[in-house]
Amino acid sequence: MFLKIFSRSLVARTTASAVLLVSVLVAVPMIVLIQADVRNTRAELAIRAEMATRIVLDEVTNALWDLDPEEAATALNPLRSIDSFAEAVILGTHGERFTVYRKPGAVIGAGDAATVAAVPLIHQDRSGAARNIGTLLVRLDTGPTDDAIRHHVLVLGGIGAVTLLLVVLGVIWATRGMTLPIAGMTRAMDDLAAGNVTVTVPVRHRDDEIGRMAKALGTFRQNAIDLRAAKERAEQAVASKAKFMAAASHDLRQPAQSLLMLTAMLRATAPNPKVEESARKIEQVVMTLKQLLDELLEVSRLDAGGVTANKAVHEVADLFEALDSQYGPVARGKGLAFAVPQYRAAVMTDRVLLLRLLGNLIDNAIRYTNSGQVQVACLESGGCLIIEVRDTGIGIPEDRLDAIWEEFHQIGNPERNRDNGIGLGLSIVQRLATVLDHPVKVRSTPGKGSVFSVTVPLAPVELAGPDSTADEPAPPALSPVPAPALSPATAPALAAAPALATANGAAVATLADAPAKDGEIAILVIDDDQFVLSAISMFLTTAGHRVAGASTVAQGLRAVEDGTVRPDAVIADYHLSATENGLDFIETVWRRLGLRIPAVLISGRLDGAVTARAAAMGVTVAAKPIMPDRLSALVEQMTAGRPVAALPLDIASPHKTLSE
């Protein structure tokens, strides 16, 4: 625990280190001094004991030579005057005691508490030879001296402890004056890193190094506040731009839709070739405008976060087949070789978004390749499938590889030729790659071509079963009137479909229950824009259909209820008013008619929820501006399964409509 605290706290480490250092610096000298004092005292006592033996050495030697104990005791009597003297013992040659002289009142302690001096007794015999006749032992009592030393040690130790405590407190105060501000600034930096710019920076009033650090941190905090404010303004600007672009694209699509229908009708009814050529040129201009609006709207939706990836397991061979079907004829029509790999692998991706991403890359490659080939290739690497789009086009200079992802940036098109696009394709690719989390890379050699690679994760083995790469599951029904999606394959079958039930149990018949009409197709068109409504109505009327137009929900329902029109199909704009939309209108018409007639929903601004609900209802969705040929094909598709004669089913009481 303590190690964890020390490892994470600068204050703890610094304080503990300072205390330990000061303690060592104070305690070690004191211990050395005390030990030196003890050693000196012991040495002094030993010298005193040896000097004491020399005072009585001769008298003691003579007494022992004469074997006179009383004389020996008298000879030892001067030792009583020596401080700390305790006892003197005269030993014979064999260690036997000859005389013991003890100072009155002296207490002989343990061996450690006494200092003993031993001196041999030498005397000349009659022949003049020196002879060892015994040993004199003098013992000095060190007890009083030791007591004095202990007293001094206690006094010095107490003084040293108090001094050490004061020094430690001073060190702690000094170190905390440095470490606490640093710790406070560390916490402030952590808060700033976590995004809390309201944190207060401590000790900004100091003028030393720590104060300057605090001022620098305060400047960093203010920069963080400014950056956050700038980021919020940028995000608001992006969101506002996205909303503006979406609204502007929707509003611009309305006149574009009218122009397309009117120019198609003008071209079909042109009185002479000159008028027909003028109509064709107008149509080309509108088509360029349509392309610009489509790509601007897609960029705005991606920037606004309106596009999410619905990932599932897909067979990559199906994606390659779809790309070959869509772009192969375009490339071959330009004289280019086009090839996709014959490769099978299950990948985890959003099929629609990945097709859009790869389609933009292929379209870009075709535009900038005048001869040679455009090839799609793939290889597995580390649990991912790398899909490459290769071309033999003009290539990209190395210093512009980053700039190609910017909006409206084009290589080799300084004259802004619209045949080469408008410069949003790769910008959309980058945004789609971010949404899909499929990294996109590029390498290129000017004059030889480019290679764009997309890294797509392979599906886990347990998910990549034989049935896992089939179509995505149908989205959940968001409407009380479910129906299958209308397509060329399902339209004929719709004629034989049984009656379906509404949300409250009333039966709604299908197209098979419609009354017969002698070759006439009645179409109900509703759009809140009068110009679009008029243009579509005129185009369909010119095509030979009977058209009833309505600009409001109430007007459209009234035309159905009073028998003005018995529609075979409905073409509805989505945004009809602030509270009404085309899907609700289509559903209400179905209930009023007791008949599920085909319907097309068109709008210049559709989101994922609307598209999903339309798919659940079986309503075909088309983005504005819809091409005249596409609209004609949809009308033909919708009415292809209309029977010659059929009686409507009895319907329960009418449902409440939007106008009620």
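**Helix packing, surface and salt bridges in a predicted model**

Helix 3 (residues 57–66) and helix 4 (residues 69–76) pack at an angle of about 175°, and their axes lie 8 Å apart. Because angles over 145 degrees count as roughly antiparallel, helix 3 and helix 4 are described as roughly antiparallel to each other. The packing involves Glu59, Val60, Ala63 and Asp66 on the side of helix 3, which meet Glu71, Ala72, Ala75 and Leu76 in helix 4. The model examined here is a predicted one.

The loop between helix 3 and helix 4 contains Leu67. Although Leu67 is not a glycine, its phi is positive, at about 55°. Most residues other than glycine have a negative phi. The relative accessibility of Leu67 is 61%, so this residue counts as exposed. A second case is found at Asp437, a residue other than glycine whose phi is positive and near 60°. Asp437 belongs to the loop between helix 10 (425–436) and strand 10 (440–445). With a relative accessible area of 57%, Asp437 is exposed.

The protein chain as a whole may now be considered. Its secondary structure consists of 16 helices and 19 strands. The protein chain has 660 residues, of which 42% count as buried. Among the contacts in the protein chain with a separation of 6 or more, 70% are made by residues 24 or more positions apart. The accessible surface amounts to about 34400 Å², and carbon and sulfur atoms contribute 58% of this area.

One part of that surface is a nonpolar patch formed by Leu20, Val24, Val28 and Val32, which together have about 340 Å² of accessible area. Leu20 is placed in helix 2 (residues 10–55), and its relative accessibility of 57% makes it count as exposed.

When residues up to four places away in sequence are not counted, Val171 touches Ala18, Val19 and Val22. Val171 and Ala18 are 153 residues apart along the chain, yet their C-alpha atoms are separated by 6.5 Å. The other residue, Asn360, lies in helix 9 (residues 351–367). Asn360 is buried as well, with a relative accessible area of 9%. Apart from neighbours within four places in sequence, Asn360 is in contact with Tyr327, Gly425, Ile428 and Val429.

Charged residues were examined next. Side chains of opposite charge can pair when their charged atoms come close. The count of salt bridges in the model comes to 13. One of these salt bridges joins the side chains of Lys231 and Glu235, at a distance of 2.4 Å from N to O. Lys231 and Glu235 are 4 residues apart in helix 6 (residues 209–268), so about one helical turn separates them. Glu235 has a relative accessible area of 43% and is partly exposed.

Another salt bridge is formed by the side chains of Arg332 and Asp324, with an N to O distance of 3.3 Å. Both partners are partly exposed: the relative accessible area is 45% for Arg332 and 25% for Asp324.

A further salt bridge links the side chains of Glu587 and Arg613, at 3.8 Å from N to O. Glu587 is located in helix 14 (residues 582–593) and Arg613 in helix 15 (residues 608–617), so the pair ties together parts that are 26 residues apart in sequence. The relative accessibility of Glu587 is 5%, and Glu587 therefore counts as buried. Arg613, at 15% relative accessibility, counts as buried too. Salt bridges that share partners join Asp584, Glu587, Arg591 and Arg613 into one network.

Note on methods. Residues numbered from 1 in each chain as written. Predicted model: local features only at pLDDT ≥ 70, side-chain atom pairs only at ≥ 80, totals over all residues. Heavy atoms only, no water. Helix = DSSP H or I, 4+ residues; strand = E, 2+ residues; numbered from the N terminus. Buried < 20%, exposed > 50% of the residue type's maximum accessible area, 1.4 Å probe, protein only. Contact = heavy atoms within 4.5 Å. Areas by Shrake-Rupley, 256 points an atom, 1.4 Å probe, with all protein chains shown as cover. Patch = residues over 30% accessible without salt bridge, like charges linked within 9 Å, V, L, I, M, F, W, Y side chains within 5 Å. Salt bridge = Lys/Arg side-chain N within 4 Å of Asp/Glu carboxyl O. Axes fitted to C-alpha atoms, helices over the stretch in contact; angles between N-to-C directions. Parallel < 35°, antiparallel > 145°, perpendicular 65-115°, else oblique.
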